[in-house]
Amino acid sequence: MVKSNIIHINYPENRQYLHSCRIEESSFALSDDETSAKSKRLLNEQKTQCAGKGWIVLAESRFAELKEKEKEARKQIVVESALALFAKKPFYEVGMREVADEAGISPATIYRYFPSQEELFHEAFLQEIASASTAFKSMMIKDKPASIEEFGITFVDHLIENESTFQMMTYLMLKNDLANPVMGKFDSVTKIFFDLFEQLLVRHGVKKENARLYAHSFIASLAGILMTFRNYPLKNKKAIKDHIIKIIKITSSLYSQQLINK
């Protein structure tokens with residue numbers, strides 16, 4: 001049985017903190033103000049006492065874990081603040097200072113979580129697409145898989161109805177000087193749709209060795225149609241959407257005839 005020594009420290013605030021130092025394992029219960037200079041000093045003194053007795057203290061790993069969770073929570077607040085602003089106006093008109101104000105933090109602080117504007121935009125885009133991908137995944141698990149046309153219309157309809165997502169996607173697709181981490185993450189996003197459409201084709205009997213290339217071709221076709229006709233000079237947005245859907249149906253029919261209905 002591992003020997004355990006429990007040490008109680010009374011702080012000036014009359015609040016008691018528990019430090020548990022064990023051989024090969026320990027736990028450390030932290031409070032909200034454990035990060036104060038006085039708390040850190042007392043903790044270091046206690047670590048010295050523990051170390052002097054040959055104990056191994058793992059409090060730091062617990063502390064780091066809590067700090068990381070706190071950082072991720074604040075990072076998420078920044079992303080949600082950005083998405084709230086994107087819903088009000090084009091994302092490229094939203095500056096980092098505006099996002100910081102919306103999140104209730106200083107402009108300097110926001111760069112601790114996102115070193116660049118592109119990284120923030122990408123993270124927001126990634127979360128939007130992740131939520132949308134649920135509908136596409138449901139198409140794969142049905143007893144009868146969705147048709148190519150259904151997949152294409154769902155893909156396009158989502159991007160038409162979510163203007164900020166479409167804008168971020170085209171921005172990331174066309175910008176030629178993205179930082180490597182951002183480009184790598186964007187590639188992982190597009191891979192979601194390539195994977196899903198590839199799975200759909202395989203379920204329809206397309207050979208797996210060919211399905212990936214067809215998936216690249218089809219998804220690229222959908223993106224191209226959207227970018228070409230998104231601002232087509234018709235009388236209103238509904239007319240533009242109807243026109244885009246007609247082209248998607250024609251494109252889907254060509255793929256179905258070539259790949260499935262031979």
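At what angle do the axes of helix H6 and helix H10 cross, and within what distance do they come? In this predicted model, the axes of H6 (residues 148–161) and H10 (residues 237–259) cross at roughly 150° and come within 9 Å. Angles over 145 degrees count as roughly antiparallel, and H6 and H10 are therefore roughly antiparallel to each other. The handedness of their crossing is right-handed.

| Helix | Residues in the contact |
|---|---|
| H6 | Ile 148, Glu 149, Gly 152, Ile 153, Val 156, Asp 157, Ile 160, Glu 161 |
| H10 | Lys 241, Ile 244, Ile 245, Ile 248, Lys 249, Ser 252, Tyr 255, Ser 256 |

Sorted by class, the contact of H6 with H10 comprises eight nonpolar, five charged and three polar residues.

H6 itself has 14 residues, which at 1.5 Å a residue should span 20 Å. The C-alpha atoms at the ends of H6 are 20 Å apart, in agreement with that expectation. Buried residues of H6 are Ile 148, Phe 151, Gly 152, Phe 155, Val 156, His 158, Leu 159 and Ile 160. Ile 148, Gly 152, Val 156 and Ile 160 are buried and also take part in the contact with H10.

On the other helix, Thr 251 lies in H10. Is Thr 251 buried or exposed? Buried means under 20% relative accessible area; Thr 251 has 15% and is therefore buried. Leaving aside residues up to four places away in sequence, Thr 251 touches Phe 218, Ser 221 and Ile 225.

Terms used
Residues numbered from 1 in each chain as written. Predicted model: local features only at pLDDT ≥ 70, side-chain atom pairs only at ≥ 80, totals over all residues. Heavy atoms only, no water. Axes fitted to C-alpha atoms, helices over the stretch in contact; angles between N-to-C directions. Helix = DSSP H or I, 4+ residues; strand = E, 2+ residues; numbered from the N terminus. Parallel < 35°, antiparallel > 145°, perpendicular 65-115°, else oblique. Left-handed = near helix turned anticlockwise from the far one by under 90°. Contact = heavy atoms within 4.5 Å. Nonpolar A, V, L, I, M, F, W, Y, C, P; charged D, E, K, R; others polar. Expected span 1.5 Å × (residues − 1). Buried < 20%, exposed > 50% of the residue type's maximum accessible area, 1.4 Å probe, protein only.
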